[in-house]
Amino acid sequence: MARYGLVVDLTKCVGCSSCTVACQAQWELEPEERWLRLEIQEEGSYPAVSQRFTTVQCMHCDDAPCVRVCPTGANYKRKDGLVLIHEARCIGCKYCVVACPYQARVFNEERGIPGKCRLCDVRIQKGVLPACVLACPAGARYFGDLDDPNSEVSRLIVIKKAKQIRPDLRTGPNIYYVR
Amino acid sequence: MSRIRLSRRDFLKALGAAGALSLGVGSIGATQVLGKGSTRGAWDEMPRLIPTVCGMCDARCGVLAYVVGDRLYKLEGNFRHSQSQGKICARGSAGVKLLYDPDRLKYPLKRVGEGLFDRISWDQAFREIGDKLAAIKDQNGPQALAWAFHPDLSELWDRRFMAAFGSPNIFTQATLGRASAQAASRLTLGWEPVSDLKNARYILLFGRNYAESMYYVAATNALMQAKEKGSRIVVVDPRLSRMASQAHEWIPIRPGTDGAMLLAMMNVLVAEGLYDAPFIEANTVGFQELRDFLADKTPAWASSICDVPAETIRRTAQEMAAARPSALVDMGLRGAWGATHANSFQTARAALALNALLGNYGAKGGLLPPPPNPLGRLQLPATPPLQATRADGAGGEQYPLASTADGIYQMLPEIILTSEPYPIRALIANHTNPARSLPNTSKAMRALSGLDLLVAIDTHLTDTGELAHYILPESTYLERLDPPSASKYLLQEVALRQPVVKALYDTKPAYEIIAGLAGALGMGDQFAFTIEDVIRESLRPLGMDLASISRDGLWREAKDPSYGQPAFPTPSGRIELYSRRLEESGYDALPVFSLPIALPREQDAFRLVQGRDSAHTGTATQNNAYLHALSPENKLWIGATRAARLGIKTGDWLTVSSAAGEVRIQAHVTHGIHAEAVFMVHGFGHNVRAQRLAYHKGVNDNTLISDAREPVAGGAATGETIVRVRRVR
């Protein structure tokens, strides 16, 4: 079975938010509802200064805190690595919103559901790239099977030394970043 | 409506970059991206994929519209179109929110009082506007009508209307964007170059912001591919843009002094014998004169002007020489010299000359001529010759080299207010918003309010619309058929904009509006052709017609840009480092540097730099729900050191004032800006309640900006604006 994930090459990311809006359009999200957000940090002082871009979304953790804390089993880890939500089982308690160390959950008050990146499950099952990956003008986003050592993402992790964010939390995040 | 189904092969092409994807791919039809299984949008119908052309800016990248029933679900990049290659920027994706914006104009409006409009029919609108135009023509002559437009695919109609009416006073946004650099390129090379970013080994960007001002998403992609392959990217900019953050090196420069740095780089190339002598010998005129002129333009000379270390200038020149001919200075859009300072024309000339010293014209990884336009033209009866000359002097004695096709837009308020050289009493503003786009807003508003007739054609009620006597609602780019678009990027390519949904409201494409107005003026015989006629004749040389192009939405033959020796259609047939034509017109024949006219001198004085962010296009997108959420308002960037001295912290409210006006804006204190510059993003500060999201959000930079002109092409010298900044206590 596959273990799907992403590699985000932040040496190419231009901080344009195209991924954010492509995701919103794919899932018809509200304007303030972002399953994928851009974080910008200014580092250094003039003139040796730079802005550091990071795109943050659900990391589809192997041992996902949101799955652990969910009292109804609405959050679950699928065999192919995706962390998904049985919306019918969700009672809107927001435990998962608090538990996620990446603050990847976005609670939709109207629907009473904590939304998040689904790694475009409906697209990938048809063999189509996730919306954010396809849209990325810079070509900084890669999707694939992390368990397949020959996949593009696996090779990128090795060649470009891609790392997870906060692997010390031991949640086993499946999004890797090249810096 | 055409429907395309992707074959599996096409589809794998779409996956392109991630070709190594190891998925068990089943049969792929048109359903692949349907959000089925989601609780939102569980549709019964399959989506249709309609290829069309984006209209969120004027780059015209190919997109695919996913349409379910009669509803647009989503827009993605068209992977077959070389400008998008399946990619799409934030603005492109947000097109769906333009179409379904509840604040759109829905029917024609007539002004009946201050901020009061009545719904009228199209017939009534055409008739009344026609009567008023006829009266103005009788009283003041046809030249009393001005026409401003944002050049789009219906340009043929805009221009023909004015020709038939008899007025030369047509204005485009060129002088607000790139007129200075365009004029410099045409005069120096005979064409406007395109950067072959993907193959360049050294890319120097002066203000060109491929991260935040995406013009061709594929260009941003090419730039990042080059970076991945090990090419060096260096950004010279007073501000740490997102592009500068993603470059190998950011060289902060004193704003308005780019020309001095370019001259000093050339000085190094010549003095150290690093330039491409055979290329210069074979392709240029005036190298001797240029060389003599450069002799004292040393890095030390430039350093004090630009506030860039001499060693940095020298090293940059040497590094570029080592990478030539695959080393380029991007000519940019507006950037540092598109139409930015009084010296922009000559600064652009200096950049063109530097590229010549690198011998990169026509080279892989260099600057290439734009692809030839392959489209045919509908033969139309000639319009009567114009009697009047342009009111702004473009093409005349004052601005002999300024474009008569584009005019000098920011002069229009002055002409209206003074009636010099003659009265202009009416303006039709098609898809342009002079009340927010023109420098010196208060002057522009005064001029617009005093017109006998102002007509606004747009998708939204704008600040211009609020002053207008009639407002004619335009169909969005997703609801209309347009003449084919020929690419100006690397490849010869034609794309078709076609409607993806039926018009939602009682709106019309601009060309139908223009033809309707012409009919009301008795000029209908000059417009006895349809959009279909124009498309048919445009496509004829390609052996295509509307039916055949609508399936794929595009035509292309070449796979690669054409490299090799380009022709230079200048008077000498060569690159004009020294231009006799400039000399004869009373300008400097060499790319001389002059300091900006206005200089910040006091402790609290700064040069105002304006620019873009990745969410917005000019003043047109601030009410788009997705883009508004990404970037709701602008802040004033101010350097940390001087901010501390002035007691300013991030979030403080500031009063910013210039000779033109005053605004209140919040501070964004940063290390990412040159001490003498403050920066704000252009396009905010809408004062129209009908744009419910954008209303009173952020600040209109043009309130502060000077309506100064660059003297050769008439470009807006927006950078000639000095502001005083103080904290509100």
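This is a predicted model: local features need pLDDT of at least 70, side-chain atom pairs count only at pLDDT 80 or more; totals for chains, interfaces and linings use all residues.
**Notebook: rings and helices in chain B**

Residues are numbered from 1 along each chain as its sequence is written, chains are lettered from A and ligands numbered from 1 in the order in which they are written, and side-chain values use heavy atoms, with hydrogens and water left out.

**Entry 1: two helices**

I looked up helix α5 (residues 155–165) of chain B and helix α20 (residues 510–520) of chain B; their axes come within 9 Å and cross at roughly 15 degrees. That angle makes α5(B) roughly parallel to α20(B) (angles under 35 degrees count as roughly parallel, over 145 as roughly antiparallel, 65 to 115 as roughly perpendicular and the rest as oblique). Axes here are lines fitted to C-alpha atoms, for helices over the stretch in contact, and angles run from 0 to 180 degrees between N-to-C directions. Helices (H or I, at least four residues) and strands (E, at least two) are DSSP runs, numbered from the N terminus.

Which residues meet? From α5(B) I found Trp157(B), Asp158(B) and Phe161(B), and from α20(B) Tyr511(B), Ile514(B), Leu517(B) and Ala518(B) (contact means heavy atoms within 4.5 Å).

**Entry 2: aromatic pairs**

Over all chains, I see 20 aromatic pairs in the structure. Rings of Phe, Tyr and Trp (its six-membered ring) pair if their centres lie within 6.5 Å; planes under 30 degrees apart count as stacked, over 60 as edge-to-face and the rest as tilted.

Trp157(B) and Phe529(B) make a tilted pair, 5.6 Å centre to centre with 40 degrees between the planes. Trp157(B) sits in helix α5 of chain B and Phe529(B) in the loop between α20 and α21 (531–539) of chain B, so this pair ties together parts that are 372 residues apart in sequence. Trp157(B) and Phe529(B) are both buried.

Back to my opening rings: the centres of Phe171(B) and Tyr409(B) are 6.2 Å apart and their planes at 25 degrees, so the pair is stacked. Phe171(B) is in strand β7 (residues 170–172) of chain B, and Tyr409(B) is in the loop between β14 (367–368) and α16 (412–418) of chain B, 238 residues apart.

I also noted one aromatic cluster, formed by Trp157(B), Tyr511(B), Phe527(B) and Phe529(B).

How values were computed: Buried means under 20% relative accessible area, exposed over 50%, partly exposed in between (1.4 Å probe, protein chains only).
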